[in-house]
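Here is my note on this model. Please read it with the structure open beside you.

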Amino acid sequence: MTGWAWTALALYGFWLLTAFGIRTLIQRRRTGDSGFRGLSGTPGSASWWAGVLFVVALLGSAAAPVATLVSMPVLTGRAPAVHGAGLVVAVLGVAGTLIAQRAMGASWRVGVDQKERAALVSDGPFARVRNPIFTTMAVTGLGLALMVPNVLALAALAALIIAVELQVRVVEEPYLRAAHGPAYAAYAATAGRFVPGLGQQRPSPGGPNS
C-alpha cells in the first residue's frame, strides 16, 4: 500500500499546487487580486462551518496517505482494482477542477464577499452545471479516498461533501440570487446544481424552489 499512498500524496500535492497556488498567481496577475475571501459568517453559523469543514477536508486528505505510510490499515485490504480506479477518478477530478477554474476566469473566488459583484459565468462547463468546480473537487476527493481507503480518507471525503453542500446552499446561491437577480434565476432554472439535469431551481409564484 505504500506505493498507492505515495502516489495519492503526490497527486494531492499537485492538485493543491495547481488548483490553489498557481491559480492564485494567475488570478493576481490578471486582476491584481488573489481571489481569496476566506471564511464567511459568524462562528458557529452554517456558512462558518462550511469554511471550517473545507479546511478539515484538505488537511484530512493529506493526512490519510501519510497515515497509511505509518501503518494505518486500509478498510479494503489490498485491492488493486479499487486503488487503480481511485487513481483514474482522482486524475479526472484534478483535470476537471483546472478546466472549470479556467472557465471561471476573472470571476474565480475562494469564499464570498457579500458586497462584491463579479460577472455571472454561465458558459463552458457552467452551461450545464452551476458548480462544476465543487463537483470536480468532490470527484478528486472520492478518487483520493479510494486510493488509500482508511478512516481518515473517508472522514475527509465526508467533510468535503458536507462543506460543499453548506457552501453552495447557504452561501453561494443566496449571494448569486441577490447579486444577479433575474439573470441568475433564469440560469438556475436550466443548469443543474452539481450534475446536469438535477437541482435546477424552477421559478414559481412563491419564488424559486431548490
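1. A word on area comes before the surface. Accessible areas come from the Shrake-Rupley method with a 1.4 Å probe. On that basis, the protein chain exposes about 10,300 Å². Carbon and sulfur atoms supply 69% of that area. Keep in mind throughout that this is a predicted model.

2. Next, the fold. The protein chain has 6 helices and 0 strands. Read from the N terminus, the order of elements is α-α-α-α-α-α.

3. Now the overall dimensions. The C-alpha atoms fill a box of roughly 55 × 40 × 35 Å along the principal axes.

4. How much of the chain is buried? Buried residues account for 45% of the 210 residues. Contacts also reach along the sequence. Take those between residues at least 6 apart: 76% of them join residues at least 24 apart.

5. Charges deserve a line. There are 16 positive and 7 negative side chains in the protein chain. The centres of the two sets lie 5 Å apart.

6. Look at S34. This residue sits in the loop between α1 and α2. Is S34 buried or exposed? Its relative accessible area is 14%, and buried means under 20%, so S34 is buried. The side chain of S34 reaches the backbone nitrogen of F36 at 3.2 Å. Setting aside neighbours within four places in sequence, S34 is in contact with T24, Q27, R28 and W108.

7. Move on to S45. It too is in a loop, the one between α1 (2-31) and α2 (46-69). Its relative accessibility is 19%, so S45 counts as buried under the 20% cut-off. Which backbone atom does the side chain of S45 reach? That atom is the backbone oxygen of T42, at 2.7 Å. S45 and V170 are 125 residues apart along the chain, yet their C-alpha atoms are separated by 9.8 Å.

8. Finish with S47. This serine lies in helix α2. S47 has a relative accessible area of 12% and is buried. Which residues does S47 touch, not counting those up to four places away in sequence? They are S40, G41, V170 and V171.

Conventions:
Residues numbered from 1 in each chain as written. Predicted model: local features only at pLDDT ≥ 70, side-chain atom pairs only at ≥ 80, totals over all residues. Heavy atoms only, no water. Helix = DSSP H or I, 4+ residues; strand = E, 2+ residues; numbered from the N terminus. Buried < 20%, exposed > 50% of the residue type's maximum accessible area, 1.4 Å probe, protein only. Polar contact = N/O pair within 3.5 Å; in protein donor to acceptor, adjacent residues only side chain to side chain. Contact = heavy atoms within 4.5 Å. Lys, Arg positive; Asp, Glu negative; His and termini not counted. Charge placed at Lys NZ, Arg CZ, Asp CG, Glu CD.
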